[in-house]
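Grab a pencil and work through these exercises with the model open beside you. Each task comes with a step-by-step solution.

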Amino acid sequence: MNRRLHETDRDVLTLLYQPLIGATAYSLYMTLTSDVSRQPGKRIERTHKALMAYTEKHLDEIFKERKKLEAIGLLKVFRKKQGEEYIHYYELQSPLSPEEFFNDDMLSVFLYNRLGSREHYLQLRNTFKLERENGNDRENITRSFDEVFTSVHPSEITINPETEEVLLNKDRLEGAAERESGYKLEGHDFDFESMLAFLPPFVPKDEVKKKENKTLIQRMAFLYKLSPSEVSKIIQDAMIHTDELNGSILREQAKRRYRMNESDQPPRLHTKVQPENLRVQKTEPVTEEEMQIHYFETTSPLEYLQEQANGAKVYPGDLDIIDQLMFEYKLEPGVVNVLLEYIFIMHGKKLTRNFTFKIASHWSREGIRTVKEAMDFTRKQYEQTEQNKQQKDTSKSTKKGAARNQAVRQEPLPKWMADEEWNKSGEKPEDLEEARKKAAQLKEMLKKKKQGG
C-alpha cells in the first residue's frame, strides 16, 4: 500500500465510498489494508485461499468485489507469469480526501443519487466541512524558519559518499508524490474520434485532445449520457470565443444541455408523496374528509401544482419554493399540499415567497407532520383570523380594510377549512361518487401527461 490509513480516510471510506461500492467491497478493502499495514515495508504475500478464509466469500465473489475497488480507484492490479500460473500484485490506493471527493464530477453525483436525499447528502457533506474565518482584517505575524532556527556552519557538515547516499536517497515512501483521481475512464462507450469528426474547423483539435481535456470530456459524456454529436456542440459552445478549452465552462455547458434534454424529468423532491409511516388514511376513503386527506397524502406537490394549473407546466420558481419548504423547513409532502391550498385560497392562487416561508416557519415550529394535523391547524388559524376580523369590523375605519382582505380571496373556501363540523353531518352517496370520479379524472390526466401525452 502507498500509505497507511488515517482517521479521516476511514471516515471517507465508510461514509462516502461504501454507499457506492457496497459493504462487501468495502470490507475487502479494509481487510487488505489491515493485513498489509502491520507488515514491514507495507507489503505481504498471501494466497487467495487465505483471503477467502478472512472474508468467508467464494473466489468468484472476491473477484467481483475486487473489480469495484479497481474501478473506483482504490486498487491497482498487476500480474506476472511465473511458470504455469500468474502471480497477482495488489497495490492499495488511499482514498481521496473529502474535498477531492466532493469536487469530483463523477463521484459526488453518484453519491447524491445513491443516497437519494438532498438533505442526507448535504448533512454528510457538512460532516467534513471546515469553518474558515475571514483573515483579511488580521496581520500575519507567523515567524519564518530562519527567524527561529540557525543553520549549521559549513564546517560542521561532512560531505562524503555515505552522506550523499543518505540525503539523496530516492526510496519510495508513504504517501503519493502526485495526486490525481484514482479511477480511470477508458471511454469504451464513447467514440472520441467520432466526436472530433463532428467538430467544425474553427475548433483546434489538438486542444481538445490534450490528456486532461480528453479525460474531462469522457467524464462529462459518461455522467450525462451524451452522444458524440451532443458533446461536439457542448465543446463548440465552450470554445466559441477562445482557442482554449476551459474545464469549468465545459462543465456548465454540459449541465445546461442535460437540463434541456431532461426538462420533463422534475427534481426528486418535487415528486415525493407523504411517507407511509406519516399517513393517517390507511383504509379505503369513504367520507369526504377521508377522500380529501387521501388526496393530499397520495399527491406530490408537483402534481398538486399541475392540477391547479389545469395540467400546464409549473413555473420553475414555484418548484424552487417547494424544494425549500421540504428541505429547509422540513415539511412533509402532504403538509406542503395543505399549505399550498391554504395560500392559494387566501391569496387568489398566488404563491408569494415571503408569505409562504413565514407560514412554513410557523408550521415547522409547531411540529406539524401529518396532513390531518395541517388541516386542523389551518382551520383553527382561519377561525382565529375570522374572529379578529369581526372584532375589527366594529369600527368604520377597519371595515374598508376588511373588505379589501375579502376581495383578495377570490376562491371559495373548501369545507375542510371553513367548517369544523363539515364531516360530521354525513354526505350524500351521490356527492361521494361525484368526488371519486373527479379525483380519478385528475389522476388520469396527470398519468397521461407523465407518459408524454
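## Exercise 1: A threonine in a loop

The side chain of Thr 299 comes within reach of the backbone oxygen of Tyr 295, at 2.7 Å. That makes a polar contact (a pair of N or O atoms within 3.5 Å; within protein, one must be able to donate a hydrogen and the other to accept it, and residues adjacent in sequence count only if both atoms are side-chain atoms).

Before going on, a word on the ground rules. This is a predicted model, where local features need pLDDT of at least 70 and side-chain atom pairs count only at pLDDT 80 or more, while totals for chains, interfaces and linings use all residues. Residues are numbered from 1 along each chain as its sequence is written, and side-chain values use heavy atoms, leaving out hydrogens and water.

**Task.** Find where Thr 299 sits, and say whether Thr 299 is buried or exposed.

**Solution.** 
- Step 1: Look in the loop between helix H15 (288-298) and helix H16 (301-308), which is the place of Thr 299. Helices here (H or I, at least four residues) are DSSP runs, numbered from the N terminus.
- Step 2: Check the surface. Thr 299 has 0% relative accessibility and counts as buried. The scale is: buried under 20% relative accessible area, exposed over 50%, partly exposed in between (1.4 Å probe, protein chains only).

## Exercise 2: Charged pairs

**Solution.** 
- Step 1: Recall the idea. Side chains of opposite charge can pair when their charged atoms come close. A salt bridge is a side-chain nitrogen of Lys or Arg within 4 Å of a carboxyl oxygen of Asp or Glu.
- Step 2: Check the distance. The closest N and O atoms of Arg 251 and Asp 105 are 2.7 Å apart.
- Step 3: Compare the surroundings. Arg 251 is partly exposed at 27%, while Asp 105 is buried at 14%.

**Task.** Now try Arg 379 and Asp 376: how many residues apart are they in helix H20?

**Solution.** 
- Step 1: Their side chains meet in a salt bridge, 3.0 Å from N to O.
- Step 2: Both lie in helix H20 (residues 371-392), three residues apart, which is about one helical turn.
- Step 3: Arg 379 is buried, at 7% relative accessibility, and Asp 376 is partly exposed, at 23%.
- Step 4: Follow the shared partners, and Glu 289, Lys 372, Asp 376 and Arg 379 join into one network of salt bridges.

A search of the whole structure turns up 13 salt bridges.

## Exercise 3: An enclosed space

**Task.** Which residues line the largest cavity, and what classes are they?

**Solution.** 
- Step 1: Know the rule. On a 1 Å grid over the protein atoms alone, a cavity is a set of points where a 1.4 Å probe fits but cannot get out, and lining residues have an atom within 4 Å of a point.
- Step 2: Note the space, about 50 Å³ in the largest cavity. Grid points are joined across faces, edges and corners, and the volume is the space filled by probe spheres set on the points.
- Step 3: List the lining: Ile 217, Met 220, Ala 221, Leu 226, Val 231, Ile 234, Ile 235, Leu 250 and Ala 254.
- Step 4: Sort by class, giving nine nonpolar, no polar and no charged residues. Ala, Val, Leu, Ile, Met, Phe, Trp, Tyr, Cys and Pro count as nonpolar, Asp, Glu, Lys and Arg as charged, and the others, Gly among them, as polar.

Terms used
Helix = DSSP H or I, 4+ residues; strand = E, 2+ residues; numbered from the N terminus. 1 Å grid on protein atoms, 1.4 Å probe; cavity = no way out; pocket = protein on both sides within 12 Å on 5 of 7 lines; lining within 4 Å.
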